[in-house]
Amino acid sequence: MAIFMKTTVEIEEDLLRAAKRAAIDRKCTLREMIERGLRRELAAGAKPSAGIAWVTASGELPRGLDLSSREAMWEWLENRAKNAQ
Amino acid sequence: MIAVDTNLLLYAFFPQEAEHASARAALLRAQADGRGWGFTVANASEFWSVATRAGGERAQAATTTEAVAFLASLIHAGAQLWQGQADFGLRLLAIASQGEILGRRIFDLQIALAARDDGATEIWTHDRDFVAVAGLRVFDPLG
């Protein structure tokens, strides 16, 4: 469970107004906007990571499974579960 | 930051898929982008659901060892695993209700909101109908 702490910062007036407007447009709170911004800054400043050590599946996906639509993918999974019963 | 969707993970995992090479190239681009990258717990669960069950009548497509090793390799390479922030569930339901999100489209919204919560500004997906949310650009790196 997250612990929240209060802090006080001074933010340039126009920037704060714009952030409040964006929060309303995005149906979120100003706090959420600030938190996301901080997370992006921290991620951008992270150390370069290792390359991807690719892992490959030994099997293959069946024909007819359409991954370009989540709707179709879930329908396929549900049908498969019904057929297995 | 860049969120990568389940279908890119699956294409990159299964070498027989026509999109396999381009999906791997997309993941490498996301990793090299510099803004940070990751995927949500919901993506990981979806990946697991398909990858370990989709092998047809007689066999599963991938072993659990392979599936966890694939996801772990991405995390080791810098991908973050996101699950949304405080009150995520309540906000998900409120936005779904306000936006009249129906049926399985809730899974798009769940992924988009969790990714946005944790700082993503883009989601890379090959889904032709992905439900967009404000503040999260949808981009098809295979398109």
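1. In which hand, right-handed or left-handed, does α3(B) cross α4(B)? The model is predicted, and in it the crossing of α3(B) past α4(B) is right-handed.

2. The geometry of this pair is as follows. Helix α3 of chain B covers residues 41–51 and helix α4 of chain B covers residues 64–76. The two pack at an angle of about 150°, and their axes lie 10 Å apart. The pair is therefore roughly antiparallel, because angles over 145 degrees are counted that way.

3. The residues that make the contact can be listed for each helix. From α3(B) come A44(B), F47(B) and W48(B). On the side of α4(B), they meet T64(B), A67(B), V68(B), F70(B) and L71(B). Sorted by class, the contact between α3(B) and α4(B) has 7 nonpolar residues and 1 polar residue, with no charged residues.

4. As to the chain as a whole, chain B contains 6 helices and 5 strands. Their order along the sequence is β-α-α-β-α-α-β-α-α-β-β.

5. On overall dimensions, the C-alpha atoms of chain B fill a box of roughly 40 × 40 × 30 Å along the principal axes. The radius of gyration of chain B is 15 Å, which agrees with the value near 15 Å for a compact globule of 143 residues.

6. Two further totals describe chain B. Of its 143 residues, 55% are buried. Among contacts in chain B with a separation of 6 or more, 64% are between residues 24 or more positions apart.

Note on methods: Residues are numbered from 1 along each chain as its sequence is written. Chains are lettered from A and ligands numbered from 1 in the order in which they are written. This is a predicted model: local features need pLDDT of at least 70, side-chain atom pairs count only at pLDDT 80 or more; totals for chains, interfaces and linings use all residues. Side-chain values use heavy atoms; hydrogens and water are left out. Axes are lines fitted to C-alpha atoms, for helices over the stretch in contact, and angles run from 0 to 180 degrees between N-to-C directions. Helices (H or I, at least four residues) and strands (E, at least two) are DSSP runs, numbered from the N terminus. Angles under 35 degrees count as roughly parallel, over 145 as roughly antiparallel, 65 to 115 as roughly perpendicular and the rest as oblique. A crossing is left-handed if the near helix is turned anticlockwise from the far one by less than a right angle, and right-handed if clockwise. Contact means heavy atoms within 4.5 Å. Ala, Val, Leu, Ile, Met, Phe, Trp, Tyr, Cys and Pro count as nonpolar, Asp, Glu, Lys and Arg as charged, and the others, Gly among them, as polar. The radius of gyration is taken over C-alpha atoms; the globule rule is 2.2 Å times the number of residues to the power 0.38. Buried means under 20% relative accessible area, exposed over 50%, partly exposed in between (1.4 Å probe, protein chains only).
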